[in-house]
There are 2 protein chains.
Amino acid sequence: MQSNTKLKKGLTCWFTGLSGSGKTTVTFALAKKIQEKYPNIKIEILDGDEIRENLCKDLSFSKEDRMINIQRIAFLAGKISKHGVLVLVPVIAPYQEARDKARALSENFCEIYVKASIEEVTKRDVKGLYKKALSGEIKNFTGISDPYEEPKNPDLIINTEKETLDESVEKVLNFLSTNSYLNL
Amino acid sequence: MQSNTKLKKGLTCWFTGLSGSGKTTVTFALAKKIQEKYPNIKIEILDGDEIRENLCKDLSFSKEDRMINIQRIAFLAGKISKHGVLVLVPVIAPYQEARDKARALSENFCEIYVKASIEEVTKRDVKGLYKKALSGEIKNFTGISDPYEEPKNPDLIINTEKETLDESVEKVLNFLSTNSYLNL
């Protein structure tokens, strides 16, 4: 039996969305669910903070630097997913151009839009960042003082304002199954 | 049957040595030999030029930037090898401190010293770089105008001045087998 029977091919799943939209929450819940059911599937979560520390310490939040940041993460994701790994990337990636370039760096790639309105995420404000962004204490904050370009043609949309966490996770699992990545 | 039966665990093999010592040549010959015999073993070669283009475009050849360069490559290598991949890294990495830090970023790591004297590589000068370095046209060139710290305690030494390419490749294969990475 192959060790990775259930995952038919490596894949990079990019979860794009505003800060506080639920990208990381959905990603970790998804990984947990898959690993409980199919412990042999190889999963890698490319966490924004770990990446910034190890690959992108030099980068600011300017448009140019954000483009480079996404490009480096995408390069890493492509190098891992090509070896049959499900790579989950919960990273804002506010520019469509950067996401399109990221797609080109993986053999298999999907763009999942984790949707929540700016009003909703400002209300949630889990990390207190929106308050700081609104007061001007944090500059270049996506959705407040910096643009967020909604995905033009995402492979999947999950709406964390309308769905429960379980529903969002199920939607992703169904997507992976329907598109022949995962044998559920 | 598992897809990766012959490789018992993922591993990062760092091939350190002077420019022109034969790091890339040995790495590609090794990869070819392994893949011919065991096509299911997953191998990734982290090529210096590809990495510089995608992860390290911003970096110079100063000591500080070289340290960052190695750290980024090592981070990438660790992320790939943890998924059961044999990651081969033919990158000069002239500082012992950087190589020691690189080791810490992979679960399994070996430092292979590709040894050739500065006289020999200057004579080979495959890319014409030593000539330029000696004339001052290229600055910060390892072995000429920049230090190369010989590995203090490498896991393996291959000597490309004294061995044929086949002999060097066999030495690495034996090392991988003896150390229970590879089931030959």
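Helices are DSSP runs of H or I with at least four residues, strands are DSSP runs of E with at least two, and both are numbered from the N terminus. In these terms, chain A reads along its sequence as β-α-β-α-α-β-α-β-α-α-β-α, which comes to 7 helices and 5 strands.

This is a predicted model, in which local features need pLDDT of at least 70 and side-chain atom pairs count only at pLDDT 80 or more, while totals for chains, interfaces and linings use all residues. Residues are numbered from 1 along each chain as its sequence is written, and chains are lettered from A and ligands numbered from 1 in the order in which they are written.

The radius of gyration, taken over C-alpha atoms, is compared with a globule rule of 2.2 Å times the number of residues to the power 0.38. Chain A has 16 Å, which agrees with the value near 16 Å for a compact globule of 184 residues. The C-alpha trace of chain A spans about 55 × 35 × 30 Å along its principal axes. Of the 184 residues in chain A, 41% are buried (20 or more other C-beta atoms within 10 Å of the residue's own, with C-beta atoms placed from the backbone).

Two residues are in contact if their C-beta atoms, placed from the backbone, lie within 7 Å. In chain A, 77% of the contacts between residues at least 6 apart in sequence join residues at least 24 apart.

Chain A also meets chain B: 16 residues of chain A are in contact with 16 residues of chain B. On the chain A side, the elements that give two or more residues are listed below.

| Element of chain A | Residue range |
|---|---|
| helix H2 | residues 48–55 |
| helix H3 | residues 63–81 |

H3(A) gives the most to this side, with 6 residues.

Note on methods: Buried ≥ 20, exposed ≤ 12 C-beta atoms within 10 Å, placed from the backbone.
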